[in-house]
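Please go through the model shown here with the report beside it. The report moves from the single chain to the pair.

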Protein chains: 2
Amino acid sequence: MPLALDFGISKELERVEERIAECLKSNEDLLTEIASYVVRSGGKRIRPVITLLAFYAAGGEEPSEAIEIASAIELIHNATLVHDDINDGGTLRRGMESAYKKFGVGTSLVAGDYLFARGFEIGGRFSDKVVGVTARACVNLAEGEIRQMRNLRNVDLRAEEYIDTVTMKTAMPMSSGAKVGAILGGGTDAQVKALADYGLNLGICFQIVDDILDVIGTEAVLGKPVGTDIREGNLTLIPIFALSNGSEEADALRAILRKEEKTESDVAEALRLLKESGAVEQAREAAGEYSRTAKKHLSVPLVEEFEEGLVKLADFVLERSY
Amino acid sequence: MPLALDFGISKELERVEERIAECLKSNEDLLTEIASYVVRSGGKRIRPVITLLAFYAAGGEEPSEAIEIASAIELIHNATLVHDDINDGGTLRRGMESAYKKFGVGTSLVAGDYLFARGFEIGGRFSDKVVGVTARACVNLAEGEIRQMRNLRNVDLRAEEYIDTVTMKTAMPMSSGAKVGAILGGGTDAQVKALADYGLNLGICFQIVDDILDVIGTEAVLGKPVGTDIREGNLTLIPIFALSNGSEEADALRAILRKEEKTESDVAEALRLLKESGAVEQAREAAGEYSRTAKKHLSVPLVEEFEEGLVKLADFVLERSY
């Protein structure tokens, strides 16, 4: 579901939706259908919110260009979601069946490529600087994904390595979105840098909270099963803390996390161990720290109304339950 | 293997290889490895040849920009090859194990996205026109793929529909490569249009010959098994002709083509029926017609040396056995 919060940019977000819908139209009905299904299954549209708030906060006035690039970024993000689901076998996304489950792997893979191409079709029209930042974020994202895959079931993973992966996979794309928003808004170098740093810290916070929700959330609210990270062997900050904070649960947890094939009762047991280990609270503290750091970067002069929006966003990203 | 022919652009092609190799370097060694494996397994590099020849034929002189865009196009092409193999379960490509077979589906899918991102990273720096043409070709390509999937095992497919699919999937990308080459070469509108039309017809010829080789080629020369189209249920021009040219083989062939699961003896039998139906000769005639049409489009004034290269390329594409 889209964010219920009002950041003073709801008209712009509507225009983003319209622009995206326009881009999905293909002569191939099946392609339009899959792409629309993916995009319609919604998401919080956090990326367009970041870009648009950064645009206005940096002094931007006429938002057409920012709306274009925000649409491009959201299209590319949706492309990666389709491919992600194929990769990790995710069967539900935002309460709806994953695209590859509904339409098949082959057609969904192509639909992902189609969303990429549409995103780049819009995004490629911008200046070298904007294109460079956006494409670089896609490169980082792929690198982050590979890094995560490489570290599956690695029970020796350190918190710093996890943060590096998350930075590449989630935070750099959000940071880039803030950066291009600020550039298009005509921001000073200091503003552009501050907003990019804000986005980076916001992105890390966002991912840690995502990982926490995968442990303590409910399928009804999340729209997808919990315990996905455990099932896949993805060592997020919560197991990393649980394995290293001296808690009694460490050994039993380590044994489950190392298993190549985990039963559903393994997953349930691991979730129980994680919840009792104190690691969720530690991870929440870390997320809080990134949210606060994000807000600290807003100390450069910014347009007040939208600076407040960015603060509200950093609070929401930390406190959200979905 | 790369084209053995000399088109007078071998230095430029070397620079394309260097540029591509540069782009593949990632901090994630596994990503560099997969991407390099894919690109190294070679291919004929026909797309860079088209772009560079069109550039010089249209009067281009300093080739740096054409080399950049040719590299971007080849990167994107390689991205689609990785994803294609995942889609159609191709286990061999150019005599080497497919990337997804060697490295796994997940990592290869991401490596494909990485190649896309790297391609757009270079390509996005160009003018709106060049970016627009390139991104549009990627959109067409995805549409063509979906169209082909939609028509699997459709024994009523008509030749015109096949040509439409091939146009989207193969010919538009080649045409776009010729077009951006001509634009960067400073070609007149007439030259740009003529070279785009050349590329379009060359692309259709290229795909028909590919389809013929899948019937009459050998695994040793092709570097991949023959009969792939039959196995997948992909109705190319050869079965379309065989089913409609009044040949005795039509009914037996139709029965095999309709099967969802085909045994290897089904495939061998279908290949035999195709070879005896006269359809290969008909398809070769059609390919010849597209090659001739491609060359006819070169009647606008062009730089002679490179016009000759384009003629040679159209002959090669028709006559090639690999």
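What follows covers the fold, the core, the interface and a few individual residues.

## Basis

This is a predicted model; local features need pLDDT of at least 70, side-chain atom pairs count only at pLDDT 80 or more, and totals for chains, interfaces and linings use all residues. Residues are numbered from 1 along each chain as its sequence is written, and chains are lettered from A and ligands numbered from 1 in the order in which they are written.

## Chain A overall

Chain A holds 16 helices and two strands. Both are DSSP runs numbered from the N terminus (helices: H or I, at least four residues; strands: E, at least two). The C-alpha trace spans about 55 × 50 × 30 Å along its principal axes. A compact globule of 322 residues would have a radius of gyration near 20 Å, and the 19 Å of chain A agrees. That radius is taken over C-alpha atoms, and the globule rule is 2.2 Å times the number of residues to the power 0.38.

Of the 322 residues of chain A, 55% are buried. A residue is buried if 20 or more other C-beta atoms lie within 10 Å of its own, exposed if 12 or fewer, and partly exposed in between, with C-beta atoms placed from the backbone. Contacts are pairs of residues whose C-beta atoms, placed from the backbone, lie within 7 Å. Among contacts in chain A with a separation of 6 or more, 75% join residues 24 or more positions apart.

## Nonpolar core

The largest nonpolar core has 220 residues. Such a core is a set of buried Ala, Val, Leu, Ile, Met, Phe, Trp, Tyr and Cys residues joined through C-beta atoms within 7 Å. A:Leu53, A:Cys205, B:Leu53 and B:Cys205 have the most contacts inside it. Neighbours within four places in sequence aside, B:Cys205 touches B:Ala287, B:Tyr290, B:Ser291, B:Ala294, B:Val317 and B:Leu318.

## The two chains together

A rotation of 180 degrees, with 0.0 Å of shift along its axis, superposes chain B on chain A at an RMSD of 0.0 Å. The two copies are therefore related as by a two-fold rotation axis. In chain B, the C-alpha of B:Gly124 is nearest the axis, at 2.4 Å. Superposition is by least squares on the C-alpha atoms of residues with pLDDT of at least 70 in both copies.

At the interface, 35 residues of chain B are in contact with 35 residues of chain A. H2 (29-40), H4 (64-88), H6 (105-123) and H7 (128-150) of chain B each supply at least two residues of its side. H7(B) gives the largest share, 13 residues. H6(B) is mostly covered, with 18 of its 19 residues buried.

## Individual residues

Two arginines have positive phi. A:Arg45, with phi near 55 degrees, sits in the loop between H2 (29-40) and H3 (46-57) of chain A. A:Arg45 is buried, with 20 other C-beta atoms within 10 Å. B:Arg153 has phi near 65 degrees and lies in the loop between H7 and H8 (159-184) of chain B. B:Arg153 is partly exposed, with 14 other C-beta atoms within 10 Å.

A:Ser175 belongs to H8 (159-184) of chain A. A:Ser175 counts as buried, with 26 C-beta neighbours inside 10 Å. Beyond four places in sequence, A:Ser175 is in contact with A:Ala196, A:Gly199, A:Leu200 and A:Gly203. The C-alpha atoms of A:Ser175 and A:Gly203 are separated by 7.2 Å, though the residues are 28 apart along the chain.

Conventions. Contact = placed C-beta atoms within 7 Å.
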